[in-house]
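Please look over the sequence and the structure shown below before reading on. The paragraphs that follow lead through the chain step by step.

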Amino acid sequence: MKIALTFDIERDIPNYLNTFFGVKIGLIKILKLLDNYTIKGTFFCTGKVAEQQPWAIQLIEKKGHEIACHSSNHERLSNLSYNECKKLISMNKKIIENECRRSDIIGFRTPYLKPPHFLFRILRDLGFKYDSSISTRKRIHYYNTNLYGIQEFHPLDIYTIFRLPFSSFLLRKWILKKKLSILYFHSWEAICTRSIIYHLNLPRKSSFRIDRWINTGDNFMIRINNFIKDAIAKKAEFITLNQLIN
Ligand SMILES: [Zn+2]
C-alpha cells in the first residue's frame, strides 16, 4: 500500500484568521515528525507564505520534500473568472519557484477543495502536471479528470480524520487497507487552534466550526505519529505525489 502525506501550508484556518502560527510553529513540528521516520511529504504552499515566511519554503525544500502550489492567498477560486484565477495561480507558481530557485513545480491543490470547472486548462497552460483538488467523495461528479493531460490525485476528503474523537481508529484501519491513500492536513492543525482563538479574543468564538479546533496541536501530532507507526508496521510505502507522476 502507498500513502502520500500532503500538507497545505497557508494562513491559519483560512477565512477566520490571517495569522501564520501554523507555519511558524506547526510546520516545524510536522517536519520534525517526518524527519524522525525519514518520510518525504508533499507541501502545497500559498504564495503569501512564500512572500511573508520565505524561510518556510526554503526549509521544506532543504529537507527534500516536494513543494507544490496552493493559490496566492487561499482565494475561493470557484468564485473568480478564468483570467483572475490564472493570474493568481501564475503568481503563486512564480513566487514559489523563485524562492526554491527552480522551475519545475508540477502540482496544484485548490483552496477549500473547490476547483473551478476551467482549472485543468489553466494548469496545463502554466506547466503543471497534476492536481489534487477533487476529493474522493466528489470524484463521481467530474468527468475526464485527465483532460488537458493533467493527472488527478483525489485526496481523502476527511481532513479531520485523525482528530475525530471516536472513529479515528476505525478510519485509520480503513486507510491501511487501501492501495493508495492521499491524506491531507494543514500546518495550522499542528497548533492548538482553540488557544489561538481565545488568545486573539475574537468576538464570535462560537462560530468556529468544531472541525477547526477539535484535537489540534499536540493531540494531532500524537495521532499522526501513531498512524505513521501503524502504517510502517504494515509495510506501507510513503511517497510524494511527484513520485507517482514519475
Ligand atoms: Zn488550504
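In which helix is the place of Asp125? The model to be read here is a predicted one, and in it Asp125 belongs to helix H5, which covers residues 119-125. A second point concerns the surroundings of this residue. Asp125 and Ser90 are separated by 35 residues in sequence, while their C-alpha atoms are 9.7 Å apart in space.

Let us now turn to the chain as a whole. It contains nine helices and eight strands. For 246 residues, a compact globule would have a radius of gyration near 18 Å; the chain has 17 Å, so the value agrees with that expectation. The C-alpha trace spans about 45 × 45 × 35 Å along its principal axes. Of the 246 residues, 40% count as buried. Contacts across the sequence may be considered as well: among those between residues at least 6 apart, 73% join residues at least 24 apart.

The strands can be followed from E1, which comprises residues 2-9. Is this strand mostly covered or mostly uncovered? Seven of its eight residues are buried, and E1 is thus described as mostly covered. Strand E1 pairs with several others. With strand E7 (residues 180-186), E1 pairs in the parallel sense over seven bridges, and Phe7 stands opposite Phe185 of E7.

Four bridges join E2 to E3, and the two strands run parallel. Within this pairing, Phe44 has Ala68 of E3 as its bridge partner. Strand E3 covers residues 66-69. Which residues of E3 point one way, and which the other way? Glu66 and Ala68 point to one side, Ile67 and Cys69 point to the other, and all of them are buried.

The axes of helix H3 (residues 54-62) and helix H4 (residues 82-100) come within 9 Å of each other and cross at roughly 65 degrees. This crossing is right-handed. On the side of H3, the contact is made by Pro54, Ile57, Gln58 and Glu61; on the side of H4, by Ile96, Glu99 and Cys100. Sorted by class, the contact of H3 with H4 has four nonpolar residues, one polar residue and two charged residues.

Helix H4 also holds Lys94. Why does Lys94 count as partly exposed? A residue is buried if 20 or more other C-beta atoms lie within 10 Å, exposed if 12 or fewer do, and partly exposed in between. Lys94 has 16 C-beta neighbours inside 10 Å, and therefore it counts as partly exposed. Finally, Lys94 may be related to a residue elsewhere in the chain. Lys94 and Ala231 lie 137 residues apart along the chain, and their C-alpha atoms are separated by 36 Å.

Methods: Residues numbered from 1 in each chain as written. Predicted model: local features only at pLDDT ≥ 70, side-chain atom pairs only at ≥ 80, totals over all residues. Axes fitted to C-alpha atoms, helices over the stretch in contact; angles between N-to-C directions. Left-handed = near helix turned anticlockwise from the far one by under 90°. Contact = placed C-beta atoms within 7 Å. Nonpolar A, V, L, I, M, F, W, Y, C, P; charged D, E, K, R; others polar. Rg over C-alpha atoms; globule rule 2.2 N^0.38 Å. Pairing = 2+ DSSP bridges.
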